[in-house]
Structures are given as C-alpha cells and as structure tokens.
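Biologist: I'm new to this structure and would like a close look at a single part. Could you walk me through it?

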Amino acid sequence: MTTTPTLNGQVIGMAHYATRAVAERLLTQGITFHQSLALNAVDAKGGTVERVRLVERLTGAAKLDVAVAERTITELTSAGLLAERDGDGPLLALTPAGESLVRTHRAALAEVTAKLYGDLPAEDLAAAGRVLTEVTARADAMLAAG
C-alpha cells in the first residue's frame with residue numbers, strides 16, 4: 001500500500017527539481033535555465049523591460065544573487081538574444097533570435113505541461129496553487145525580514 005506524503009519542503013523541492021530537469025532538457029541553442037527565465041521575463045513584459053526591473057525579477061522570483069542575474073543578462077546580450085536599448089533608463093529588448101527562441105521553448109514546454117498536469121483534477125490543481133502561493137509569500141516575508 002502506498003501512502004500519500006504530507007506536503008512539505010522536501011515534497012515541493014522534489015517536484016521543483018524534477019520539473020526543472022525536464023524543462024532544462026527542452027532548452028535549445030545552449031542556453032541555461034537562468035537565461036531562459038530572463039528571456040521569458042522580458043517576453044512577459046512585451047519584449048522590452050528596464051534592466052533594473054529584469055534584475056529585480058530574477059533576484060526576487062528566482063532568488064538569484066544580483067551578480068548571477070547581471071551575468072545572465074550579459075551572457076544573453078553577448079549571445080545576441082537580448083539587446084540594449086535607449087530609454088528613460090537602460091532597457092533590454094528581445095532580439096528576433098531571442099523572440100524565436102522564446103516561442104520554440106514555450107511550445108515545447110506547453111507539451112510537457114500538458115503531460116504533467118493535463119489529467120489532474122482542476123480542484124486539486126487549484127488547491128495546490130493556493131497552498132504553494134501562500135507558502136511562497138510566507139517564505140518571501142521571512143527572507144525580507146532577514
């Protein structure tokens with residue numbers, strides 16, 4: 001008889017690392033997971049974002065160190081996937097190559113997502129979403145408090 005494990009950090013972490021490993025297999029053109037996070041964050045903002053906002057997104061949501069976030073951005077601009085643009089502040093924009101890569105990765109990820117989540121009951125997914133959102137908020141508050 002198999003017992004259902006209690007939801008805790010270990011179970012959440014195992015799910016995170018397993019799905020991240022699957023996502024990393026989908027990456028093309030030799031980009032890293034952190035680079036894919038940055039490209040997706042720029043895409044989510046319409047293809048252009050202030051550099052400082054992208055660093056904030058990577059350090060806030062992905063919990064990267066500022067140095068890692070900056071290095072990731074430098075790698076993407078050097079690879080021609082992001083370009084610096086003039087604006088009120090330093091802007092970063094997806095290049096055509098960056099846009100193409102995001103579309104390709106998103107399509108592949110949609111297929112995997114359907115396989116991972118597609119047959120799970122909607123109410124289970126909603127409950128998991130609520131619980132994980134609350135756990136994330138609490139952890140962020142603990143981190144902010146020092």
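Biologist: Does I12 count as buried, partly exposed or exposed, and at what relative accessibility?

Modeller: Some ground rules come before that. This is a predicted model, where local features need pLDDT of at least 70 and side-chain atom pairs count only at pLDDT 80 or more, while totals for chains, interfaces and linings use all residues. Residues are numbered from 1 along each chain as its sequence is written, and side-chain values use heavy atoms, with hydrogens and water left out.

Now to your residue: I12 counts as partly exposed, at 28% relative accessibility (buried means under 20% relative accessible area, exposed over 50%, partly exposed in between, with a 1.4 Å probe and protein chains only). You'll find I12 in helix α1 (helices are DSSP runs of H or I with at least four residues, strands are runs of E with at least two, and both are numbered from the N terminus). Leaving aside neighbours within four places in sequence, I12 is in contact with L7 and L132, where contact means heavy atoms within 4.5 Å.

As for the helix around it, α1 covers residues 9-26, so 18 residues, and reaches 26 Å from its first C-alpha to its last, close to the 26 Å expected at 1.5 Å a residue; that expected span is 1.5 Å times one less than the number of residues. You can follow part of that run from I12 to E24: they sit 12 residues apart along the chain, and their C-alpha atoms are separated by 18 Å. Finally, look at the start of α1, where a side-chain oxygen of N8 comes within 3.0 Å of the backbone nitrogen of Q10.

Definitions and conventions:
Polar contact = N/O pair within 3.5 Å; in protein donor to acceptor, adjacent residues only side chain to side chain.
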